[in-house]
Amino acid sequence: QVQLVESGGGLVQAGGSLRLSCVVSGSIFSINAMGWYRQAPGKARELVATIRSGGSGGSTSYADSVKGRFTISRDSKNTLYLQMSSLKPEDTAMYYCAAQNRATGLYDYRGQGTQVTVSS
């Protein structure tokens, strides 16, 4: 099993920045990649950023809606980050850290979420 605990959400004005953190523990060897999802009330869940495991840094990908504004990264202590800049009211959502199960290829593991609210 993999445990994920997010932190760093909050209320910020449009144009501001926030950094989300996610501490990963458990069967880390079973993780193929990690990412951040978000879901706003009444909207579909969106995978906003991913980073693959292994090597130095790992390849990253972003949803078009956040490209150029969000940066995903991870450190050597099994902490995943999402640096969010130039935030917009439409970025308001619950943000979840997720890990891709190497065996299934699915993001089977997810944290409890942290709320991000961007005021206009």
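**Entry 1: the cysteines.** I looked up the burial of the two cysteines and found that Cys 22 is buried, as is Cys 97, where buried stands for under 20% relative accessible area, exposed for over 50% and partly exposed for anything in between, with a 1.4 Å probe and protein chains only. I note here that the model is predicted, that local features need pLDDT of at least 70 and side-chain atom pairs count only at pLDDT 80 or more, while totals for chains, interfaces and linings use all residues. Residues are numbered from 1 along each chain as its sequence is written, and side-chain values use heavy atoms, with hydrogens and water left out.

**Entry 2: the disulfide.** I searched the whole structure and found one disulfide, a term that covers a pair of cysteine sulfur atoms within 2.5 Å. Cys 22 and Cys 97 form this bond, with their sulfur atoms 2.1 Å apart, and the link is left-handed, at -75 degrees about the S-S bond. The pair links distant parts of the chain, since Cys 22 sits in strand E3 (residues 18–26) and Cys 97 in strand E9 (residues 93–101), 75 residues apart.

**Entry 3: the fold.** Along its principal axes the C-alpha trace spans about 40 × 30 × 25 Å, and of the 120 residues 42% count as buried.

**Entry 4: contacts.** I then asked how the chain meets itself, with contact meaning heavy atoms within 4.5 Å. Among contacts between residues at least 6 apart in sequence, 52% join residues at least 24 apart.

**Entry 5: Ala 49.** I placed Ala 49 in strand E5 (residues 46–52) and found it buried, with a relative accessible area of 1%. Leaving aside residues up to four places away in sequence, Ala 49 touches Met 34, Gly 35, Trp 36, Ser 61, Tyr 62, Ile 72 and Leu 82. I also checked Ala 49 against Val 2, and the two are 47 residues apart in sequence and 19 Å apart in space, C-alpha to C-alpha.

Note on methods
Helices (H or I, at least four residues) and strands (E, at least two) are DSSP runs, numbered from the N terminus.
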